Amino acid sequence: MTPRTTRRLLTAAGLAAFFTLPLVVTDRYFLHILVMTGIFAILTSSWNLLTGYAGQLNLGHAAFYGIGAYTSAILATRLGINPWAGLLAGGLLAAAAGFLLGIPSLRLSGPYLAITTIGFAEILRLVAMNWVDLTRGSLGLYGIPPLTPIPITSNVSIEFTSERNFLYVLLIVLLLTVWAIRRMIRSGFGVTLKALRDDEVGAESIGVDTARFKLTVFTISAFFAGVAGALFAHYQRLISPDTLSLGETFAILTMTMLGGLGTLTGPILGAVILTFFSEWLRFVEDMVKLDVRMVIYGLLLIVTIRFMREGVVGLLVKLPWWPKTLGKGGSDGR
Amino acid sequence: MDSLFLQQVVNGLIIGSVYSLIAIGLTMIFGVMRISNFAHGDYAMVGAYVAVFVMMWLPGPLGWVNALLAAAVIVAVAGVVSELLIFRPLLDRRTDIDMIMVSIGLFILLENLAQFFFEARPRMLADPFGGNTVDLGLVSTSQLRLFCLAFSCVAIAGLQVFLNRSKTGIAIRATSQNSRAARLMGIDINRIYTLTFGLGSAMAGIGGVLYGTLFAVYPTMGAIPTLKAFVVTILGGMGNIRGAIFGGFILGVAETLGGSYLAMEYKNAIGFVIIILVLLIRPQGLFGQREGV
Amino acid sequence: MIKKSLGIALFTACFLFALCVGPALSADSVKIGILGPFSGSLAFNASEMKKGMLLALEEVNDAGGLFGRQVELVYGDTECKPDKGVGAVKKLLTRDEVLVVGGGYCSSVNIAASQIADMEKCPVVVAIAISPTITNRGLEYVFRTSPNSPMFLNGINQWLEKVKQAKTVAFFMENSDYGRDGEKIWSELSKKIKAKELAHLYFEIGDTDFTTQISKLKNLNPDVTFNIASTTEAALIQKQAKELNFVTQWIGVGGQFTEAYFKMTGPISQYAMGSSLEPTLNMKSPETAAFVEAYRTAYPDSRPGIFSSQGYDNLKVILDAVQRAGEPTGDLQQDREKIKDALEKTDMKLTQGRITFEDDGQVHSVVPSVVQVQLENCEPELRIIYPEDRATADYQAPQPWRERECQ
């Protein structure tokens, strides 16, 4: 079997699994976990684009997520705008915010950028808490409509109130996200990004317009996070300022680091592992009566950075039976 | 000047002095090792819990004084251990990202270990001055608050003297300015790293006891000092100790005045707004060059 | 790369599927879901609620359970965050397949969780949470066994109108639905009694430094300061008010008056007022006295408080309804429907008083009393000061700090 065939087989199997899993699973709670995993996978992938590929440490990713969620929710509940349009609006407004946040990033790096992005998210969270007329404050927005059914024939339509159908929407958005990111990093753009990440001054000296690239990446990353937020709002049908909290960002970055920063698959893998792992821990905790979930999160993050910088993806490629041409995270590996 | 304005300035100076105390450790560690430690506020939390336990054995003002000492020593040890185990192995990595991420991991770990061992219930540290208040006509405050202000100033001044006069202090400053040159001059860089981390976390530990006595001690109390310390540090220029001192007082007063006269709801955002403005206009911070200590 | 991502995801999904296939709880028990912030900053109060519930659970299980089956409580931790609460209630409804959901605490969580339960047609009985929104949305499956904020504040409002007659008031509220709901009610009352509203200030849950706000309040010098806060914040506010030499009549909802609060404040909390259903204060009622007695036997180290009694009442109401609904058939939808119908006919005398539900699912028959913290040998004590027929003490107006004996 040539590597190419292996890859194709894996793809076919993967796609088939992705699209049949929701059909096979009947446990609604399991479907709910899958939905949450999917939303996190979009968030980790988009965060990874910015931080993993472009090297811009963003600790305010939850802000983009929150902007998407609040935009779509407010449009739907106050103005009766179709949630599908809301998804786009949420993504676009988040993208605009990403562009804005990208401007100071042109001059900042490392801890300066980290604090600026945290500050940005904190300010937005306080706005969501205090602009009560618009956001209902800490109470949050409830009664958000689900995605509008898509009519097939005059009396048959696809509804999105069930976890299963929603999961399909989510899978499609996730695939689009990954596809877009893959297109970017496989193109000349990706080469520039890597140069930017590894040596910004060097990149500038060979004539790379770093400003344009940074702003583009900030905007695109924020767009997908915003769409994820809007999807979440119409799934959960309730959002609150907690959506914008630092804890959400920490979850996103722990997942990405665990899966493998700067790889395409790592963030998705990390989202899957940690979501399921914490569900499993919840069950173990009930049995042993100990609340250790977050302690393990912290340990995982430290151990990952210290001993397995390439994350789980980095471990997988070391397995003897793993198709070697798939490479260390593929063409994008570090 | 009316009494409200004066009162708010005094409130701001008092809380600002505690911000400075905590931020100095952060800025020192950044100056010497280029580590941005997001777990710094958790050293303050550990210090506060040390005080809680010391004061269980030894209540009263004497216990409180001992608690300050114990917190300084134990947190210094904890800081050095975390430096050796977690931060030092990453020193040769090229990016800030690893260092910041690992410190976030430490932050999550410490906060939740505290929750695990000490439960979420807040505890109070008994006021060594028995809650006595001071009424100065236009301004009211407590003996404890005045003590915090004075103590922070003394501790900060002491540190300055140490850094400027003692041989070790000068070595720390030299390393901060140029570690390669310092090494060539025969300074044992690793010893300086350990020392800086120990000293920086001890300051945070002491700050934690003051913070815990002024307010309360609870597992998640480290988050706010961490963010405030970063704001202060960036205001003053990272690695700049004098900048951190002024930065602390500026942030404290800006928060109380901004909260009182502009928008109380956004009091906790004032610091962020200031640093975003500062970074846009003057990325090296308000006080001079980025490198100096 | 999509390809590989899919490959890996498939591999992991299959692997993890095994992990996630949940724990089958013993099939023959009667399962009741309990929501609450069992971790996070309110964990202590949630554990009080749980203690009260365990007392009720023990009573029924020691007597042989329901229909010869043991009753089992399945807990869902909300952390007092709406998002987490939605996840927790979804798990209770779809994975654990509980018959009915009880517990609660935190209005924002309960507003969200009750909406989900209602969509799933599963009855939810809220134990502790005061936002009127929970029961005023016309949701058929939502009940509440404790008073909502207008009911909680009714006594205080009467007292303010008839006794205190404040001229100036200020608001210093927790920035949450808990604080904002109360603010709305008191703001209306202030207009009614023609008191001048000097300021509307807020603080965030988890804040510890209130000196800026208190300095501002002191400058305005209101007769009455409405202060809705939870235990920790309320205690810190009292402490810092003393440091800044600020005297006012503090009025809260009363939820802050917990054991931990008095431990943190000591005599500083003197003169603070609120509304309360403290079981120890209503010992005249035999049901309450019996509960206090049982609680002290079961937990000799702790004091029966409002949350434990509300937890106890909540589970008692649920158990009673499950019993009247008849043995569960196994058809979840049908069983839940029957329990909902039984809940509507609830009529019990419990620790808080008589519990019956009106059409909105809200209990209206429980009436809290106005309480004030007064000192006995420098130890703080809660005393009922209004209405007169229940009062055990007279109102004491706040004195300047330097004239107070105990500090």
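Does Arg136(A) count as buried or exposed, and how many C-beta neighbours does Arg136(A) have inside 10 Å? Arg136(A) counts as buried, because 21 C-beta neighbours lie inside 10 Å. The cut-offs are these: a residue is buried if 20 or more other C-beta atoms lie within 10 Å of its own, exposed if 12 or fewer, and partly exposed in between, with C-beta atoms placed from the backbone.

This is a predicted model, in which local features need pLDDT of at least 70, side-chain atom pairs count only at pLDDT 80 or more, and totals for chains, interfaces and linings use all residues. Residues are numbered from 1 along each chain as its sequence is written, while chains are lettered from A and ligands numbered from 1 in the order in which they are written.

**Chains B and C**

Chain B has 11 helices and 2 strands. Helices (H or I, at least four residues) and strands (E, at least two) are DSSP runs, numbered from the N terminus. Along the sequence of chain B, the order is α-α-α-α-β-β-α-α-α-α-α-α-α. Chain C has 12 helices and 14 strands. Its radius of gyration is 23 Å, close to the 22 Å from the globule rule for 407 residues, so chain C is as compact as a globular protein of that length. For chain B, the 19 Å found agrees with the value near 19 Å for a compact globule of 293 residues. The radius is taken over C-alpha atoms, and the globule rule is 2.2 Å times the number of residues to the power 0.38.

The table sets out the two chains.

| Chain | C-alpha box along the principal axes | Buried residues |
|---|---|---|
| Chain B | roughly 60 × 50 × 35 Å | 58% of 293 residues |
| Chain C | roughly 70 × 65 × 40 Å | 57% of 407 residues |

Contacts also span the sequence. Two residues are in contact if their C-beta atoms, placed from the backbone, lie within 7 Å. In chain B, 77% of the contacts with a separation of 6 or more join residues 24 or more positions apart. In chain C, the share is 68% for residues at least 24 apart, among contacts between residues at least 6 apart in sequence.

**The largest nonpolar core**

A nonpolar core is a set of buried Ala, Val, Leu, Ile, Met, Phe, Trp, Tyr and Cys residues joined through C-beta atoms within 7 Å. The largest one holds 324 residues, and Ala71(B) and Val75(B) touch the most other members. Helix α1 (residues 3-33) of chain B provides the largest share of this core, 15 residues. At least three residues come from each of domain 1 (30-147 + 285-356) and domain 2 (150-276 + 377-403) of chain C. Ala71(B) has contacts beyond four places in sequence, including Gly47(B), Val50(B), Gly205(B) and Val209(B).

**Domains of chain C**

The domain bounds come from an automatic or database domain assignment. The centres of domain 1 and domain 2 of chain C, taken over C-alpha atoms, are 30 Å apart. Across the boundary, 13 residues of domain 1 of chain C are in contact with 13 residues of domain 2 of chain C. Helices α2 (43-62) and α4 (107-119) of chain C each supply at least two residues of the domain 1 side.

**Chain A**

Chain A meets chain B through 33 residues on chain A and 33 residues on chain B. Helices α5 (110-130), α11 (246-259) and α13 (293-307) of chain A each supply at least two residues of the chain A side. The most comes from α5(A), with 12 residues.

Helices α8 (residues 188-198) and α10 (residues 210-236) of chain A pack at about 105 degrees, with axes 11 Å apart. Axes are lines fitted to C-alpha atoms, for helices over the stretch in contact, and angles run from 0 to 180 degrees between N-to-C directions. The two helices α8(A) and α10(A) are therefore roughly perpendicular. Angles under 35 degrees count as roughly parallel, over 145 as roughly antiparallel, 65 to 115 as roughly perpendicular and the rest as oblique. Thr192(A), Leu193(A) and Leu196(A) in α8(A) meet Thr210(A), Phe213(A) and Val217(A) in α10(A).

Leu147(A) sits in the loop between β1 (141-142) and β2 (150-151) of chain A. Leu147(A) is buried, with 22 other C-beta atoms within 10 Å.

**Backbone exceptions**

Most residues other than glycine have a negative phi, and most peptide bonds are trans. Arg136(A) has a positive phi, near 60 degrees, and lies in the loop between α6 (132-135) and β1 of chain A. Tyr105(C) has a positive phi too, near 90 degrees. Tyr105(C) is buried, with 26 other C-beta atoms within 10 Å. A cis peptide bond joins Tyr386(C) and Pro387(C), with omega about -5 degrees.
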